[in-house]
Amino acid sequence: MSRFSLKIVVIDDDPTGSQTVHSCPLLLAWDVACLRRGLRHPSPLLFVLANTRALPPDEAACRNREIVDALAEALSLEAIPESSIVLVSRGDSTLRGHGVLEPEVLASQWGLRFGAIDATLHSPAFFEGGRITRNGVHFLQDQPVHTTIFARDRLFGFSTSDLAAWLEEKSDGQIRAASVARLGIERLEGEPLELVRWLGALEGNRSVVVDASRPEHLQALGAAVRQLQGRKRFLFRSAASLLNGLADSGPAPLGPQPRDAKALTGLRRRDGSGLPLPGLVAIGSHVRLADQQLEHLLLEPRCVGVELPVARVARILEGGTPDLLLPDLERELHGCIEAVLRSRRTPVLFTSRGELHFGSGAAAAAIRLRFGMQLARVMARLVAGLEPELGYVISKGGITTGTLLREGLDLPSVDLQGQLLPGLSMVTALVGGDHPPAEASAALPVLTFPGNLGEPETLRQAWLLMEDGA
């Protein structure tokens, strides 16, 4: 990495935030050696898949501090100046997750290592998913996001689409709405030098809400940030679209992905005779859209549902012998999936629809998160046990996908190949950071599918592409 190049380091709260970019490493481990390999990669983007949305607040905070400390050591060993780094905390474009806690912890830890942050800019716009911010208010398909089902999330619900008020709500009043600055579209479309001046005047870790309704708005922001690099320290909490604005404003824009849809579907593994190996779909997400997509997919005669019974798992975990009974359930489900594979159809492994109720309050939320991780681990073990027989996996849900990649398939990092459909990223194992092409072609392709993305038919469309080719 050139001493004068800029590296955008993205600490992602689940594995899906790279859904607008390509050809960059996604790290599932953040030890110093792994980070050093990632920093050497020629891409301007480096993702650290922290999976913190699956953690309670104290554990999410601890993981962010751990990553910053390891990153600081890796930068020192690679002789990369801190001024060459843009730090981004990537979160959900529908405002779920630890959207205030994580940037607060990062600002504090980064400040201890390198000096105070001048401003934290919040940019949840995600154009591919129909999310824009206008006049400080965040919209999903022209609907204020607090009126959508995502605002009623049992863990991360909220009551307002006004981002300044949202910051006050989520910080329990520590960030006052009146203190939040707004970077409006009129400024982003105005004189570039004036935008640089405005950003340059920010200090004291000011909270800033970024309006954006078109990619050009975030490209203007990216260009201004580059001009101020080394003079100001900015931290970002963003959805995926800002990453394009930051990367494409540089001297070497990302450009189109090298693999088109046909090439991505061609990553499907084959047996020794050259015949395509079967695929598997895993669905852990519980948002209503995921339910609809599952219903549409199971209308396909070539797909067979295999239900992971959530209530039964809960009873097993509550009982006295989960170490005995849970493997029994997993063997039973493994047999069901094997039978579907032998019939030359696609098994669709899904958790029971609906959600268990754990009560209310912080303690109940922590229990819900822990149970969600236990379910994801069961699913990850099931898929990993079948990995040698599979040609591809479609994994729906951030916690489901993160757990599958890191714990199930035991991957320290993956290589982002590109998007099969808007927002749906294909990844393969990245062996040692520089694996030969033969190894790359043998790696299991995993299509990472956010829980909140697409239309009712999108999952079926993705499956048809993987089964029948683009």
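Biologist: In this predicted model, how many of the nine residues of strand 16 are buried?
Modeller: Strand 16 covers residues 413–421, and the rest of the structure largely encloses it. That description follows from the burial count, because the residues of the strand that are buried number nine of the nine.

Biologist: Which residue of strand 16 is the bridge partner of leucine 27?
Modeller: Strand 2, made of residues 25–27, runs antiparallel to strand 16 and is joined to it by three bridges. Leucine 27 belongs to that stretch of residues 25–27, and its bridge partner in strand 16 is serine 413.

Biologist: Which residue takes a positive phi in the hairpin of strand 16 and strand 17?
Modeller: Strand 17, residues 424–429, pairs with strand 16 in the antiparallel sense over six bridges, and valine 414 has alanine 429 as its bridge partner in strand 17. The hairpin formed by these strands has two residues between them. The positive phi, near 85°, is taken by glycine 423.

Biologist: How many of the eight residues of helix 8 are buried?
Modeller: Helix 8 spans residues 241–248 and is mostly covered, and what covers its buried residues includes strand 1, strand 3, strand 4, strand 5, helix 7 and strand 11. Among the buried residues are Ser241, Asn244 and Ala247. The count of buried residues in helix 8 is seven of its eight.

Biologist: What is the angle between the planes of tryptophan 110 and phenylalanine 114?
Modeller: The count of aromatic pairs comes to one. In that pair, tryptophan 110 and phenylalanine 114 lie 4.5 Å centre to centre and are tilted, with an angle between the planes of 50°.

Biologist: Is phenylalanine 114 buried or partly exposed?
Modeller: Tryptophan 110 and phenylalanine 114 are four residues apart in helix 3, so about one helical turn separates them. Tryptophan 110 has a relative accessible area of 3% and is therefore buried. For phenylalanine 114 the relative accessible area is 22%, so this residue is partly exposed.

Biologist: Which residue has its ring under the charged end of arginine 134?
Modeller: The charged end of arginine 134 sits over a ring, at 4.5 Å from the centre of that ring. The ring belongs to phenylalanine 139.

Biologist: Which residues is threonine 16 in contact with, leaving aside its neighbours within four places in sequence?
Modeller: Threonine 16 is found in the loop between strand 1 and strand 2, and its relative accessible area of 4% means that it is buried. With those sequence neighbours left aside, threonine 16 is in contact with Arg90, Gly398 and Pro450.

Definitions and conventions:
Residues are numbered from 1 along each chain as its sequence is written. This is a predicted model: local features need pLDDT of at least 70, side-chain atom pairs count only at pLDDT 80 or more; totals for chains, interfaces and linings use all residues. Side-chain values use heavy atoms; hydrogens and water are left out. Buried means under 20% relative accessible area, exposed over 50%, partly exposed in between (1.4 Å probe, protein chains only). Two strands pair if DSSP finds at least two bridges between them. Contact means heavy atoms within 4.5 Å. Rings of Phe, Tyr and Trp (its six-membered ring) pair if their centres lie within 6.5 Å; planes under 30 degrees apart count as stacked, over 60 as edge-to-face and the rest as tilted. A charge sits over a ring if NZ of Lys or CZ of Arg is within 6 Å of the ring centre and within 35 degrees of the ring normal.
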